[in-house]
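Here is a short briefing for a first look at this structure. Please keep the sequence and the 3D view open while reading.

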Amino acid sequence: MTIRTSNGRTVTKPNLHVAIIGGGISGLSTAWYLQQAQYRGLGVTYTVLEASNRWGGKVLTEFVQDVAPEPFIIEGGPDSFLALQKPWALQLARELGLEDRLMSTNDDRRTIYVLVNGKLVPMPDGIYLIAPTRIMPFARTALFSPFGKLRMALDFILPKGNPTVDESLGNFIGRRMGREAVDKLAEPLMAGIYNADPYKLSIQATFPRFVEMEQKYGGLILGMLAGNKMRQEMTQEHPAESRKVGMFVTFYQGTEVIIGELVSQLTGDMRLNTAVTGIERIEDDSYDLMLDDGTVLNAHQVVMAVPAYTAAELLEPMTAGAARILNEIRYVDTGTITLAYEAGELNHPLDGFGVVIPISERRNINALTWTSTKFDHRAPEGYQLIRAFVGGSRTPEMVNKPDEEILQIVRNELHEIMDVTAEPIFHRIYRWPQSTPQYDVGHLERVEAIESRLPFGIFLTGSPYRGIGMPDCVKQGKQTADTIIEFMKAESPTL
Ligand SMILES: Cc1cc2nc3c(=O)[nH]c(=O)nc-3n(C[C@H](O)[C@H](O)[C@H](O)COP(=O)(O)OP(=O)(O)OC[C@H]3O[C@@H](n4cnc5c(N)ncnc54)[C@H](O)[C@@H]3O)c2cc1C
């Protein structure tokens, strides 16, 4: 193919070669969508370079055999992903032929508990994300004080904010619904997804729909009620789809199924144990990538699907401006510990999906998932699994403690919160140092500023930028591949 370079010269290449740095869900999705273009006859080839000895990055499923007749399925990272609201990972699963292996969460047991003054209080029916959408359960709940409930109702009449100015999630929810809603809902439920301080987390980068609701309906409760109506209409219009997939889905054999299937269907040059240590722009407007095995890979376009600080290091010699802003994206350490029990040993029914813990409770853990209730096929018959989340902006010191200490602290917490005193039959700890990007206020502006400084032919994609969950990573991978393909079509007169 013939391509026109940034300085107007025309060069002939056998194919456009793309180097993808990072073999997590973002890098692999980019490769998948480039491969689809290849099947459509476009001359594009790719190499995926992954520093570690496994594909998937934070998507990691472990099978624990030999304890029971069936294996335990333990998630080290994500345990499920949004399906209907953010359909991109679900779509990818379907493209990969994984429809029959999908499994929804057990939504008939969806109760989520909030820890309030050391007691587990169920979230009332009809609270959708942040706002009550049904009056009676909200009026009766012990979760909020009478003052807290009245303050939340002010959402109906308070004036709108300025949608063009980013603000923190804590500020936004506090302004509309009061501090109790921040403490008991927004902080543990929503900032919890991002392992972030709600008073630093950008509303525009994380929950832009709330800003839209405020502008369009005058408040969150009215916005949620309108959303309820839309969801009901959607369920009536697509009853089969709504029955088949719940709000969150995974696979019978764990989230890593999507990684295994991607890797088995990707036909490009796939290299594990290969870190990129440097990138140099060379004369014909392609790039030489220095690899840690001492070799050099030449590529016309480079996709960086790695943490922002790694991208900054690689870009520093070419664009110090982009590198500087990339380094402004902060990261926190996170960790999870899963404990397995014999079912009869627990003093607790595990009658829900788990517990969210407001920061005001001052615990050493951030949240609990009652994994064997939330999902089928995670613990064999007669066993139960609980997963605790630590680290993030709340309990950063927890991640660096020795295993035995983490185990002991988490067991103490389970005793105090749930009266669980049983000895777990085994546990698994996963540490994710510098793993979770923080979308601080102004995040989207920073991302735009970085992108505007990128050299020709370099792309950034993945969790540091425009969405942290698996569906957003897949979406960004697809968008990156589409941009490369559009570039090829525009620049190559022969296509
Ligand atoms: C504990 C935990 C729970 C989570 N729960 C959920 C959930 O339930 N649902 C959900 O949707 N999301 C969840 N997430 C978020 C989601 O898992 C991540 O945001 C997503 O997997 C990130 O994918 P990525 O490809 O962008 O990055 P990563 O998975 O971090 O992949 C980046 C890859 O780049 C490689 N790399 C780094 N440097 C180099 C280099 N120099 N050369 C080559 N390779 C390099 C790394 O080894 C890594 O494999 C969770 C995350 C964590 C940590």
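What covers the buried residues of helix 1? The cover includes strand 3 (16-21), strand 4 (44-49), helix 2 (88-95), helix 11 (257-265), strand 18 (301-304) and helix 18. This is a predicted model: local features need pLDDT of at least 70, side-chain atom pairs count only at pLDDT 80 or more, and totals for chains, interfaces and linings use all residues. Residues are numbered from 1 along each chain as its sequence is written.

**Helix 1**
- Helices (H or I, at least four residues) and strands (E, at least two) are DSSP runs, numbered from the N terminus.
- The buried residues of helix 1 are I25, S26, G27, L28, S29, T30, A31, W32 and L34.
- A residue is buried if 20 or more other C-beta atoms lie within 10 Å of its own, exposed if 12 or fewer, and partly exposed in between; C-beta atoms are placed from the backbone.
- At 1.5 Å a residue, the 15 residues of helix 1 should span 21 Å, and its end C-alpha atoms are 21 Å apart, which agrees. The expected span is 1.5 Å times one less than the number of residues.
- G41 follows helix 1, and its phi is positive, near 95 degrees.

**Nonpolar cores**
- The largest nonpolar core has 63 residues. V18, I20, I21, V302, M304, A311 and L326 have the most contacts inside it.
- A nonpolar core is a set of buried Ala, Val, Leu, Ile, Met, Phe, Trp, Tyr and Cys residues joined through C-beta atoms within 7 Å.
- Helix 18 (residues 470-491) gives the largest share of this core, seven residues.
- Domain 1 (2-55 + 255-329 + 439-491) and domain 2 (61-108 + 330-437) both give residues to this core, so it lies between them. Domain bounds come from an automatic or database domain assignment.
- A second, separate core has 37 residues, including L350, A379, L414 and V420.

**Y46**
- Y46 is found in strand 4. Y46 is buried, with 27 other C-beta atoms within 10 Å.
- Not counting residues up to four places away in sequence, Y46 touches V18, I20, A31, L34 and G268. Touching, or contact, means C-beta atoms, placed from the backbone, within 7 Å.
- Y46 and Q301 are 255 residues apart along the chain, yet their C-alpha atoms are separated by 9.4 Å.

How values were computed:
Two residues are in contact if their C-beta atoms, placed from the backbone, lie within 7 Å.
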